[in-house]
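Subject: Structure handover

Hello,

Please find the structure below, with the sequence. My notes on what was found follow it.

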Amino acid sequence: MDEEAPLVDDKPVEIPKKNHARDVHILSSAFLLVFLAYGAVQNLESTLNTEEDLGTTSLGILYVSFTFFSLVASMVVRGLGSKNALVLGTTGYWLFLAANLKPSWYTMVPASVYLGFAASIIWVGQGTYLTSTARSHARDYNLHEGTVIGKFNGEFWGLFASHQFVGNLISLALLSDGTEGSTSSTTLLYVVFLCSMTLGTILMCFLTKKTDEGESRQPDSSVSFYSNVVSLSKSVINPLFDVRMLLVIPLIAYSGLQQAFVWAEFTKDIVTPALGESGVGGAMAVYGAFDAICSLAAGRLTSGPKSITLIVSGGAFIQAIVFLWLLLAYRLTSGVLGIMYPLLMAAILGIGDGVFNTQLSALLGILFKHDMEGAFAQLKVWQSASIAVVFFLSPYISLKAMLVIMLAALCISYAGFLFLTLKVERAFSSSSL
């Protein structure tokens with residue numbers, strides 16, 4: 001007699017693994033659509049909104065607001081969840097771009113202040129979401145966590161960095177008839193960019209909502225205002241008592257300085273005299289292209305503290321060469337070399353930016369597993385503060401003085417970073433014994 005088949009199968013049901021790479025593709029593409037518009041408009045602010053320095057002042061206000069709101073961004077992201085923070089954050093960029101359709105002190109200043117808030121939560125949300133996704137992917141597929149974090153950061157920053165290339169090409173195409181200041185051409189450009197931002201916002205809605213890495217914690221309505229203030233104070237102040245954070249803060253600040261140097265000083269004092277105002281878009285496109293390529297390559301080469309040390313060392317070295325070249329040897333020349341030198345410098349500076357973006361995000365994700373929101377909030381606090389300093393100082397100091405500041409900041413930050421990596425490597429080695 002045949003044995004009856006069991007009514008219940010004792011074999012464990014295999015839960016299908018989530019496709020975490022899909023979320024990285026969506027996140028990267030959404031940021032590209034949003035920032036190809038914002039990045040190009042930021043580059044044009046000082047050119048188009050020249051009355052009473054409205055454009056430059058708006059950017060200064062934006063980054064001061066960004067710095068302030070970054071102090072509270074970690075609490076906001078914890079409360080909203082990183083996906084909701086990302087979607088809400090895009091509204092600030094949309095409003096800022098819309099304000100440029102009718103630029104005045106009454107439209108640009110409020111939009112800049114709100115964008116500071118929106119930027120703080122979108123970037124803390126991005127760092128938290130991407131690192132959480134990488135951890136989930138490594139856990140589900142039994143992969144090395146540091147390698148996955150590096151790979152995912154490489155893809156994100158590679159696609160993100162290409163926004164400078166794509167956005168500046170769109171600006172070049174729509175403003176190529178020499179009517180850069182005309183209402184019709186700039187209005188068309190802003191409408192195209194608003195459509196791009198809208199698509200990016202819609203795309204973010206398709207991200208998977210994360211329920212791990214602390215995002216499942218919902219705010220309790222019974223918690224008092226005092227408790228919320230104490231929690232906020234801890235998220236802002238506690239990282240500053242961590243020696244690892246204190247050692248990495250100078251490099252974070254330098255990463256903001258080198259970005260602002262390109263936007264405020266390099267384009268004005270190096271590119272414009274050599275290539276003219278029309279050449280700024282081309283130089284920034286080269287900068288963005290090499291930034292994107294380097295981000296992809298650096299991300300794939302990242303596997304842990306040792307690889308991060310080597311990659312950051314390379315980025316710091318090549319940027320130091322550019323600063324020394326500008327300080328000691330560069331002279332404005334005519335002919336082919338006069339065109340090639342600024343483009344070569346743009347490429348090298350783009351490579352350095354790609355290194356710092358990918359490696360800082362990977363390093364914070366590896367070192368601060370238990371407080372990612374706080375760690376990425378510190379990243380944006382110090383980056384945005386250093387960017388604001390450059391925008392406000394730029395009209396009052398010479399290029400040579402700025403180069404000396406850049407070299408000093410690079411040396412100090414790199415020394416602190418080396419000390420940190422030696423400390424981390426020693427801890428890794430002792431834990432593996």
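In these notes, buried means under 20% relative accessible area, exposed means over 50%, and partly exposed is in between (1.4 Å probe, protein chains only). At 7% relative accessibility, S171 therefore counts as buried.

Before going further, some ground rules. This is a predicted model, in which local features need pLDDT of at least 70 and side-chain atom pairs count only at pLDDT 80 or more, while totals for chains, interfaces and linings use all residues. Residues are numbered from 1 along each chain as its sequence is written, and side-chain values use heavy atoms, with hydrogens and water left out.

Overall make-up

The protein chain has 13 helices and 0 strands. Helices (H or I, at least four residues) and strands (E, at least two) are DSSP runs, numbered from the N terminus. Of the 433 residues in the protein chain, 52% count as buried. Contact means heavy atoms within 4.5 Å. Among contacts between residues at least 6 apart in sequence, 86% join residues at least 24 apart.

S171 lies in helix α5 (residues 145-174). Leaving aside neighbours within four places in sequence, S171 is in contact with A40, L44, L189 and F193.

The axes of α3 (residues 82-99) and α6 (residues 183-204) come within 9 Å and cross at roughly 175 degrees. That makes α3 roughly antiparallel to α6. Axes here are lines fitted to C-alpha atoms, for helices over the stretch in contact, with angles from 0 to 180 degrees between N-to-C directions. Angles under 35 degrees count as roughly parallel, over 145 as roughly antiparallel, 65 to 115 as roughly perpendicular and the rest as oblique. On the α3 side the contact is made by K83, L86, V87, T90, Y93, W94, L97 and A98, and on the α6 side by Y190, F193, L194, M197, T198, T201 and M204. By class, the contact has 11 nonpolar, 3 polar and 1 charged residues. For that count, Ala, Val, Leu, Ile, Met, Phe, Trp, Tyr, Cys and Pro are nonpolar, Asp, Glu, Lys and Arg are charged, and the others, Gly among them, are polar.

Nonpolar cores

A nonpolar core is a set of buried Ala, Val, Leu, Ile, Met, Phe, Trp, Tyr and Cys residues joined through side-chain atoms within 4.5 Å. The largest has 111 residues, of which F31, Y38, Y63, Y93, F96, W123 and F266 touch the most other members. Helix α8 (residues 243-275) gives the largest share of this core, 16 residues. Apart from neighbours within four places in sequence, Y63 is in contact with Y38, Q42, W263, S384, I387, A388 and F391. A second, separate core of 7 residues includes A73, V77, I121 and V124.

The loop between α4 and α5

N142 lies in the loop between α4 and α5, and is exposed, with a relative accessible area of 71%. Most residues other than glycine have a negative phi. N142 has a positive phi of about 55 degrees although it is not a glycine. H144 lies in that loop between α4 (105-141) and α5. Not counting residues up to four places away in sequence, H144 touches A138 and S303. The C-alpha atoms of H144 and G304, 160 residues apart along the chain, are separated by 9.4 Å.

Cysteines

A search of the whole structure finds 0 disulfides, a disulfide being a pair of cysteine sulfur atoms within 2.5 Å. C195 is partly exposed at 45% relative accessible area, and C205 is partly exposed at 43%.

Regards
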